[in-house]
Amino acid sequence: MWMNLLLTLLVIPLALVNLIGPLLVLRTQKIPARVRFSSVDNTRFMAERDTRFKQLDQEVRELDFDHLGSSALQNNQTTSYFSLYAHPSEQAAAMLVTMASGSKKVTYAEFAQLYADGTLLDVNNAPVLPSYPRMDCKRGVRLPAVNELKVLLNTLQALRGLLPNSAPAIPYPSDQGFKPIEDFIARESDELARLGYCHAEIDDNGRRALTLKGALLLTWKNAIPGKLILALMEQRSTRSLLTGSHP
């Protein structure tokens, strides 16, 4: 009897999150579709960042990446703060990101490789699963346990040689600042609309409303048991990529 009661107490909250959660997300969440980033004063920006962000900034610069600018993006209840870097000879770009929502805050680093056809290869150590599904325009590898930025960069370099791509890798165009990032966000959003995650219409704030499909999948990806299952699938895919056993 007590076991059945315990199971009931555990199942009911999970069911409510997975059934009611998507309806709340559908009503309150929108995704960026067209954005324009404005660079902010870097001295003030860095003064407002925490110790973790400042340490990562130093490590990126020690890898000979040049700072291109910093900015922020407000989306619903989440604000993202980030700094963008590019290497003068290495093709990769780097970005440091802090995502703040209420009292919750996560900071991570990512290294990215652009290709001539506009696709992107990304390696990061974000502590949470990506919100968006896997898409042809982006191939990403998440290594949340890796804190050494040199290891993340080496992983990007290794995958750049392993993964097939019909277009050549290109250096990040430093003289364009945030524009390549803005262009990729637009392409990514268009792909999400094509996949049925969001509506095609873009509002006056440059955002798209989610469809019910998008709200369901985004909610389940961040709720138990969905996020546990997806984390296991992601780990398996990452192992296959890193060992070169991917199809």
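Author: Start with the surface. The accessible surface of the chain comes to about 13,900 Å², and 58% of that belongs to carbon and sulfur atoms. Keep in mind that this is a predicted model.

Reader: What share of the 247 residues counts as buried?

Author: The share is 43%. The chain has 7 helices and 9 strands.

Reader: Why is Arg208 called buried?

Author: Its relative accessible area is 6%. Buried means under 20%. The value is under the cut-off, so Arg208 is buried.

Reader: Where is Arg208 placed?

Author: In strand β9, residues 207–209. Arg208 touches several residues beyond four places away in sequence, including Lys30, Ile31, Ser189 and Ala200.

Reader: What makes the pair Arg208 and Ser189 a polar contact?

Author: Their side chains come to 2.6 Å. The cut-off for such a pair of N or O atoms is within 3.5 Å. The value meets that cut-off, so the polar contact counts. Ala200 also takes part: its backbone oxygen lies 3.0 Å from a polar atom of the Arg208 side chain.

Reader: How do you know that the length of helix α3 agrees with what it should span?

Author: Helix α3 has 12 residues, 51–62. At 1.5 Å a residue, it should span 16 Å. The end C-alpha atoms are 17 Å apart, which agrees.

Reader: Which residues of α3 are buried?

Author: Phe53, Leu56, Asp57 and Val60. They cover an arc of only 105° around the axis, so they sit on the same side of α3.

Reader: What do the buried residues of α3 pack against?

Author: Their partners are α2, β3, β4, β5 and α4. The face turned away from the buried side carries exposed residues, Thr51 and Glu62. Just after α3, Asp64 takes a positive phi of about 75°.

Reader: What makes β2 and β3 a pair?

Author: Two strands pair if at least two bridges are found between them. Strand β2 (residues 66–75) and strand β3 (residues 78–86) are joined by 9 bridges. That meets the cut-off, so they pair. They run antiparallel, and Gly69 stands opposite Leu84 in β3.

Reader: How many residues lie between β2 and β3 in their hairpin?

Author: There are 2. Asn76, in the turn, has a positive phi of about 55°.

Reader: What share of the chain's contacts with a separation of 6 or more joins residues 24 or more positions apart?

Author: Such residues account for 57% of those contacts.

Technical notes:
Residues numbered from 1 in each chain as written. Predicted model: local features only at pLDDT ≥ 70, side-chain atom pairs only at ≥ 80, totals over all residues. Heavy atoms only, no water. Helix = DSSP H or I, 4+ residues; strand = E, 2+ residues; numbered from the N terminus. Buried < 20%, exposed > 50% of the residue type's maximum accessible area, 1.4 Å probe, protein only. Polar contact = N/O pair within 3.5 Å; in protein donor to acceptor, adjacent residues only side chain to side chain. Contact = heavy atoms within 4.5 Å. Areas by Shrake-Rupley, 256 points an atom, 1.4 Å probe, with all protein chains shown as cover. Expected span 1.5 Å × (residues − 1). Arc of directions from axis to C-beta.
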